[in-house]
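Hello,

Here is the structure I promised to pass on to you.

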Amino acid sequence: MKILEVRNLTVYFYTYAGVVKAVENVSFDLYRGEVLAIVGETGSGKSVTTRAITRLIQPPGKIISGSAIYRRDGEEVDLLRLPEEELRRIRGSEIAYVFQDPSSALDPLYTVGYQIGETMAAHRGGKIKQYLSEAVDLLRMVLIPDPESRSRSFPHQLSGGMKQRSVIAMSISNKPRVLIADEPTTAVDVTVQAQILHLFKQLKEQFGMSIIFITHNMGLVAEFADRVAVMYGGKIVEEAPVEELFQNPKHPYTQGLLNAVINPLNPQERLKPIPGTIPNLINPPAGCRFHPRCPYIITGKCEKEEPPLLGDRHKVACWLYP
Ligand code: SF4
């Protein structure tokens, strides 16, 4: 069952240098209980896409067009058109975020237990203190050692990994139906990374939570995702179930991404970086945005005509696949 249906999402940023076409005509679905990974290089539009879903785009950014249909209890709402007050009720309770930098999500003046309690009180009503013991349970659930005393710690008294786990505890405190995790493991070491991913898997299974997982780490995608959407230059260029994408990547950009990471089956193989740099989105290349870097360019076509994203389970936007 689809829980989220994003269609033709377009987001621009109006800067002094010009209009940055950060995301253009992006469409995808999120199903109940699945992990959808959105991958791509920095600047490909991954974070802007997911922030736009609940209108977390600040000026000079602007959502130009599109819809984000969210389905709950037999009703459908378009998050891009919902009154702000109603959207605020959904944001943080039904659709929650975990951002890359945990420090920006925590208030240095309050203990983590208090802040988790505050999130619950804001969405469920009542006083913060009535949620403090539940906050301790959540800290235990995210594997924070000695959660009782840690709940009374201020953010600066916690390590990076513990801060990130506290933010996750805050995000899941109202048992959201959709969790958007934006590079949640970038700031932590590999041991904590594995713990956080294990925790996400548990949450998915325990609560049937749907997760959008943004990363540029293909290893994490292989381990954790059910489906993958690959973004390049503000557009989705390929989308497929995870095994299918790794075994049969179709888009030359996806092939490049996979060639640029260590293949566990052949670790001796030389890594091949993708030549060139990401496009300037103030003046993106015409036709296929990947054409200046593509080794398979069809001259005369790819620089002029934009390939549509076509396919059923495995979608690709490339003229090599008519
Ligand atoms: Fe390469 Fe053309 Fe396919 Fe773009 S459409 S990825 S330029 S072959």
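Below are my notes on the sheets, the loops and the ligand site.

This is a predicted model, in which local features need pLDDT of at least 70 and side-chain atom pairs count only at pLDDT 80 or more, while totals for chains, interfaces and linings use all residues. Residues are numbered from 1 along each chain as its sequence is written, and side-chain values use heavy atoms, leaving out hydrogens and water.

Let me start with the open sheet. Seven strands follow the order E6-E7-E8-E3-E9-E10-E11, with mixed pairing. Its edge strands, each pairing on one side only, are E6 (95–98) and E11 (315–316). Strands here are DSSP runs of E with at least two residues, helices are runs of H or I with at least four, and both are numbered from the N terminus; two strands pair if DSSP finds at least two bridges between them. Strands E3 (residues 35–39) and E8 (residues 210–215) run parallel and are joined by five bridges, with Val35 opposite Ile211 in E8.

Two helices pack on this sheet. Helix H8 (residues 190–207) touches E3, E7 (178–182) and E8, and its direction makes about 155° with that of E8. Helix H11 (residues 252–259) touches E3, E9 (227–232) and E10 (235–241), at about 105° to the direction of E9. Contact means heavy atoms within 4.5 Å; axes are lines fitted to C-alpha atoms, for helices over the stretch in contact, with angles from 0 to 180 degrees between N-to-C directions.

Elsewhere, E4 pairs with two strands. Strand E1 (residues 2–15) runs antiparallel to E4 with eight bridges, and Tyr12 has Lys62 in E4 as its bridge partner. Four bridges join E4 to E5 (residues 75–78), also antiparallel. These two form a hairpin with two residues between them, where Asp73 in the turn has a positive phi of about 40°.

Two loops deserve a look too. Pro59 and Pro60 are joined by a cis peptide bond, with omega about 15°; Pro60 is in the loop between H1 (46–53) and E4 (61–72). Asp146, in the loop between H5 (132–141) and H6 (147–150), has a positive phi near 50°.

Finally, what is around the ligand? Among the residues there are His251, Pro252, Cys288, His291 and Trp319, counted if a heavy atom lies within 4 Å. By class, this shell has ten nonpolar, two polar and no charged residues.

Best wishes

Methods: Nonpolar A, V, L, I, M, F, W, Y, C, P; charged D, E, K, R; others polar.
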